[in-house]
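Please consult the sequence and the three-dimensional view while reading.

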Amino acid sequence: MSVLSTPGFDLQPSAERKTLASNYITNFDFLNQYLPDTYEKEFERYGNRSVASFLRSVGAEMPSISDLIKWAEQGRLHTKYVNCASDAAAASDTATITVSDTLVPGNGGIAFRIGQTVFLSDNNEASKSNKAIITDVDYTAGTFDVAYYEGGGQTFATTDTVTAFVYGSEFRKGTEGMEESLEADDLFLENSPIIIKDKYAVSGSDMAQIGWVEVTSENGATGFLWYIKSEHETRLRFEDYLELAMIEAVPAETNSGAAATTGNVGNKGSEGLFYSVSQRGNVWGGGNPTTLSDFDTIIQRLDKQGAIQENVLFVNRQFSFDIDDMLASQNSYGAGGTSYGLFDNDKDMALNLGFTGFRRGYDFYKTDWKYLNDAATRGGVVGGAINGVLVPAGSTTVYDQVLGKNAKRPFLHVRYRASETEDRRYKTWITGSAGGASNSSLDAMEVHFLSERALCTLGANNFFLFEANS
């Protein structure tokens, strides 16, 4: 028996300070010889990557116990019909006016009554108008008879389109009261919550290979993380989705592919901010309003809506620049240059080339919306691009059955599913057999995220959506 020559023994270093074959390393790819210098802290080259901030600024979150949310919005107090026609020629003392307006219900009912006085205006010629008293109403046919106050009679022809609205009434002494009554005109709206999910998974083996990295999160927290780094980013991404889904969601149309889907994926959709405003609000298309006359047009539309005094403009960078340039052009009296904002003409003062708001009929406050600028989301998109949205600043007080008390609800707020036993505002739980979880045989840790919510856009007629394309 003897010692085998293979495997042999390692050569010992020379006792002398010489470069011998026994102690000289020729493999310079040997990683343990030259360890790299590493930075513990990761570099935040994209800054704060989260784009969720909009709803936190203008909205609120409230519980809901149903999978269908309904609310009523007030109609107009007064009624105006803009598509009317007379059966009488000009100079007639009386006439029958036919209402062919989209506001008239399908049964032909109109909101005019005998004894009311009306103003009739030609839609095309400023010189043609009349005032008259209603003598009869046919609610089935959608017509009303009038007798004109003017001695010259009717000023417009049978081919003219006329606008009509009530401004009062007149009755003789000792007569009966008004024959008919009007019911309140409410608009009933609804929206359905959608279920939003996400997941992060890491195997038990990867959890055992620790590599620490010092990170700074988007919410300002700092610390050393390893596999939790990816879980943390999944959480941040999910929180962004909670807001973006409320902004971008659209309902699935009846004949759409989404409505026909099966399995685990959703098939109904929801009404997000952009959809609600495009359907029930106001839309500016074809580029940004860049002049005061453009904003005058917007203001005149707001006059016809709720006339909310204070409004906030959430805009992308180019829209913000356009507003700054528009306001700066109104203040170009500086010696040899442009004066922006409030200045004391100090030659050493830095020039402030931005505005945070302005007043013209209403108060408008301007702020950049990161979601519209971020290159990973809507920043730089062409098709369906949105440059900004105008949000009214206000709230309404209602009795909340879930909370059991009066609550103030902003025009824009989120309703999430919740009850005494289940709160689905923001759920997170861990499954698997690693990382402390022990509820399945899976050799991994899975972190699940879930929320069920819907956006309620109250008074969408007071919002403005600014589309990049017409």
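Glu-179 is placed in the loop between β8 and β9. The model discussed here is predicted.

**Charged patches on the surface**

With a relative accessible area of 60%, Glu-179 is exposed, because exposed means over 50% relative accessible area. This residue belongs to a surface patch of negative charge, in which Asp-136, Asp-138, Glu-176, Glu-179 and Glu-180 gather. The loop between β8 (162-169) and β9 (186-191) also holds Leu-182. Leu-182 is partly exposed, at a relative accessible area of 46%.

**Strand pairing around β16**

Strand β16 (residues 362-368) pairs with strand β14 (residues 310-315) in the parallel sense, over six bridges. In this pairing, Asn-311 stands opposite Phe-364 of β16. Strand β15 (residues 357-360) runs antiparallel to β16 and is joined to it by four bridges; Gly-357 has Tyr-365 in β16 as its bridge partner. The strands β15 and β16 form a hairpin with one residue between them, and Gly-361 in the turn has a positive phi of about 80 degrees.

**Salt bridges**

The whole structure contains 17 salt bridges. Three of them are listed below.

| Pair | Closest N and O atoms |
|---|---|
| Glu-446 and Lys-199 | 3.6 Å |
| Lys-366 and Asp-324 | 3.3 Å |
| Arg-424 and Glu-452 | 2.6 Å |

Glu-446 is buried, with a relative accessible area of 16%, whereas Lys-199 is partly exposed at 44%.

The salt bridge between Lys-366 and Asp-324 ties strand β16 to helix α6 (residues 317-328), parts that are 42 residues apart in sequence. Both Lys-366 and Asp-324 are buried.

Arg-424 also forms a salt bridge with Glu-452. Arg-424 lies in the loop between β20 (412-417) and β21 (427-432), and Glu-452 lies in strand β22, 28 residues apart. Both residues, Arg-424 and Glu-452, are buried. They take part in a network of salt bridges that links Arg-417, Glu-422, Arg-424, Lys-427 and Glu-452.

Note on methods
Residues are numbered from 1 along each chain as its sequence is written. This is a predicted model: local features need pLDDT of at least 70, side-chain atom pairs count only at pLDDT 80 or more; totals for chains, interfaces and linings use all residues. Side-chain values use heavy atoms; hydrogens and water are left out. Two strands pair if DSSP finds at least two bridges between them. Helices (H or I, at least four residues) and strands (E, at least two) are DSSP runs, numbered from the N terminus. Buried means under 20% relative accessible area, exposed over 50%, partly exposed in between (1.4 Å probe, protein chains only). Patches are made of residues with over 30% relative accessible area and no salt bridge: like charges are joined within 9 Å, nonpolar side chains (Val, Leu, Ile, Met, Phe, Trp, Tyr) within 5 Å. Accessible areas come from the Shrake-Rupley method with a 1.4 Å probe; for residues, only the protein chains shown count as cover. A salt bridge is a side-chain nitrogen of Lys or Arg within 4 Å of a carboxyl oxygen of Asp or Glu. Lys and Arg count as positive and Asp and Glu as negative; His and the chain ends are not counted. The place of a charge is taken as NZ of Lys, CZ of Arg, CG of Asp or CD of Glu.
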